Amino acid sequence: MALVYRIGLPLLIAALIAVPFVPQLIYPIFLMKVMCFVLFACAFNLLLGHAGIVSFGHAAFFGSSAYITGYALRDLGLTTEVAILAGVLFSATLGALFGALAIRRQGIYLAMITLALAQLVYFSFLQAPFTGAEDGMQPIPRGKLFGLIDLNDDTNLYFLVLVCTGGGLWLINRIVHSPFGQILRAIREHEPRTRSLGYAVERYKVTAFALSAGLSGLAGSLKCVVFRLASLTDVHWHMSGDVILMTVLGGMNSVFGPAIGAIIISALRHYFDALGAWVTIMVGLVFIFCVLVFRRGVLGELSHYLAVRHPAKEQKNA
Amino acid sequence: MKTSLRLTMTAASLLALGATAANAQISNDVVRIGVLADMSGIYNDLSGKGAVEAVKMAAEDVGGTVLGKKIDVIFADHLNKPDVGAAKAREWFDTGAVDMINDLANSGVARAVAAVAKEKKRHIIVNGASNMGITNELCSPYAIHYAYDAYSLAHGTGKAVVAAGGKSWFFLTVDFAFGHGLEQQVSDVVRGAQGRVLGAARHPLGTTDFSSYVLQAQASKAEIIGIASTGADAVNAIKAAAEFGATKNQKLAALLLWIEDVHSLGLQTAQGLMLTNAWYWDQNDETRKFAKRFYDRVGKMPNMAQAADYSSTVFYLNAVKEAGTDDPDKVSAKMREMTVSDMFTKNGKVRVDGRFMHDMYLWQVKTPAESKAPWDYLKPVSTIPAEQAFQPLSESKCDLVKK
């Protein structure tokens, strides 16, 4: 596993850096979209996989951040990095609020509360005058990074998205492997015991909510800058469903599993676009197949297979 | 020996030069037209497969090639979502070698795509949407608004209803760019004639249950219920109004009704409604000829947007031929010089803001007794000359208009 990371990671980074120079091979804007979803799914998994909290309202964070960023860019004329930061702060605050309310219940009831709150956010954005309702907020200028780098150039933008996604994923990885992450996992495994050890469980949960929401917001902000548009699709509950699908498909017991899920779903939607409504059915079939055959998700199953094959090595690394 | 070699080399390089020059005329060696339509949603009937077929017919009628290069027609479904439409258009322009996007039913999508076209400097021709933004704040040398717009609807149906005595209005408006724009245009006409607008109920796209909205309209006691929606929404609203008995004391004004809507409402419910359309299949021999060909391929009569899809595609391809290139700027200049005389309109011309100027017509839905054959639905009321049907340039917010 360690070997895979040591060789694979630099290769992956090199390939990602090369992409904008060979647009014939893969469409850079599509890849930017994929990166946004990768970040979104991994951020979501911070709650689902690592804290064991099922949120059904993550679209609210993703979408509201997109709207706030769009508003800051278009109507307030702020520079791009400030606009993105504003979006992230807004969604993190929203996440803390959601968390504070939702963690009073558990399991399905918690999920329902997050769904209800997300619908509230959805309808607020539907009615708010600055969002353009069903038209979406458009056109949003991409602006200049630090007032210097012109983001209308797709290559510049690509590297911004790459750096933000990379940074976001690094942060998620740090959080998961920090003492804070361990406590989250302890809460997931046995909440009363964690409480009896003296941890203020609620505070950890709310913090996890805020972190997950903030990073989801970063993904939403980036998507809005890439497409110069924030729309109701981003806050609709379908989006919350999509991110759960991506996470479960990729594997929720790993840090980067959801990334694989996000890539698979986005690629299916992109390359089989011509099939129209059939894509949804296809994605559904893939999901059913995945749940029946490899329950740990794509990456989960893969690392399980490697662990079974080389048990000694894994123990040494662990 | 040496001289002959040099000669050959010169000749070869000249040939190569000639070849590149010929290539430069048509980018990517293909003139590709993308039809971005609603293929699965509530506007499927108005655009959808019919729009794709109309554009394909146009490509075939031009001969399948222009300047020796193949004409390729592709299509995609925008799902009535602006983000999906804009992303698709961006991809088509960036990597799909698409030279022109046609149809664009749904105003929200059309607005989003207009912004992308302006950024990428490629052509779009809007036939399915009515939003005034296309020829105002979003105007560019690359966008043409061809078939109709909200102004023409308001100054057709709206004006006719006000003239017939409908002074107080309540709107049932679909809650996005199209509905808002239409409501605003008609409100202007109503107020301009000393009428009153009592209010509006906004419903989401694709609403099936109109009961609460119709009750609001009834409670307003307005003489006219203006239906600022179209397609399945308008059909459902009109049906609900009839079921709730609103039509006893109040009159309906459907502000954008298509021949397909009349078809699905049935003449019993739709009879007497006024509608503004740019084109009707049973206008003259030319339109009937086109309609018959279309009917044989699609299985229904074409509507004004589909006829406009055909007409505007032929127009675009002819402009490419005249300009000798598919370079967007040169084609744009050519399209603003040429006039269009075909089965869609006579002496139509593109204005500087991208508005295609042609006459509009006010129609009335026939009674079941008047209708002699299937799809025989409309009778002409009046012709609205182009200058009255469309927004005068002096009111335009387009920055291409010199003031």
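In the predicted model, the buried residues of helix α2(B) are covered by elements of chain B that include strands β1 (30–37), β3 (69–77) and β4 (98–103) and helices α12 (285–298) and α13 (304–323). The buried residues of α2(B) are Gly48(B), Gly50(B), Ala51(B), Val52(B), Glu53(B), Ala54(B), Val55(B), Met57(B), Ala58(B) and Ala59(B). The helix comprises residues 48–62 of chain B, and its 15 residues should span 21 Å at 1.5 Å a residue; the C-alpha atoms at its ends are 22 Å apart, which agrees. Gly63(B), with a positive phi near 115°, follows α2(B).

Strand β1(B) is mostly covered, with seven of its eight residues buried. Eight bridges connect β1(B) with β3(B), and the two strands run parallel; within this pairing, Ala37(B) has Asp77(B) in β3(B) as its bridge partner. β1(B) also runs parallel to β4(B), to which five bridges join it. Here Gly34(B) is partnered by Ile101(B) of β4(B). Helix α13(B) is largely enclosed by the rest of the structure, because 17 of its 20 residues are buried. From its first C-alpha to its last, α13(B) reaches 28 Å, close to the 28 Å expected at 1.5 Å a residue. Gly324(B) follows α13(B) and has a positive phi, near 75°.

A further sheet of chain B is open and contains four strands in the order β8-β7-β9-β10, with parallel pairing. Strands β8 (196–203) and β10 (251–254) of chain B are at the edges and have a single partner strand each, so one side of each is left without a neighbour in the sheet. From one strand to the next the twist averages 20°. Strands β7 (residues 168–174) and β9 (residues 224–228) of chain B run parallel and are joined by five bridges. Phe170(B) stands opposite Ile225(B) of β9(B). Helix α7 (residues 211–219) of chain B lies across β7, β8 and β9 of that chain, and runs at about 170° to β8(B).

The domain assignment divides chain B into domain 1 (29–148 + 283–354) and domain 2 (151–277 + 360–385). The C-alpha centres of these two domains of chain B lie 27 Å apart. Contact between them involves 16 residues of domain 1 of chain B and 20 residues of domain 2 of chain B. On the domain 1 side of this contact, the largest share, three residues, comes from helix α4 (residues 107–120) of chain B.

The largest nonpolar core has 234 residues, of which Val113(B), Ile124(B) and Ile227(B) touch the most other members. Helix α2 (residues 28–48) of chain A supplies the largest share of this core, 16 residues. Both domain 1 and domain 2 of chain B give residues to the core, so it lies between them. When neighbours within four places in sequence are left aside, Val113(B) is in contact with Leu36(B), Gly85(B), Ala86(B), Ala89(B), Ile101(B), Leu104(B) and Ile124(B). Ile101(B), one of these contacts, is also the bridge partner of Gly34(B). In soluble globular proteins, nonpolar side chains tend to be buried together.

Conventions: Residues are numbered from 1 along each chain as its sequence is written. Chains are lettered from A and ligands numbered from 1 in the order in which they are written. This is a predicted model: local features need pLDDT of at least 70, side-chain atom pairs count only at pLDDT 80 or more; totals for chains, interfaces and linings use all residues. A nonpolar core is a set of buried Ala, Val, Leu, Ile, Met, Phe, Trp, Tyr and Cys residues joined through C-beta atoms within 7 Å. A residue is buried if 20 or more other C-beta atoms lie within 10 Å of its own, exposed if 12 or fewer, and partly exposed in between; C-beta atoms are placed from the backbone. Domain bounds come from an automatic or database domain assignment. Two residues are in contact if their C-beta atoms, placed from the backbone, lie within 7 Å. The expected span of a helix is 1.5 Å times one less than its number of residues. Two strands pair if DSSP finds at least two bridges between them. Axes are lines fitted to C-alpha atoms, for helices over the stretch in contact, and angles run from 0 to 180 degrees between N-to-C directions.
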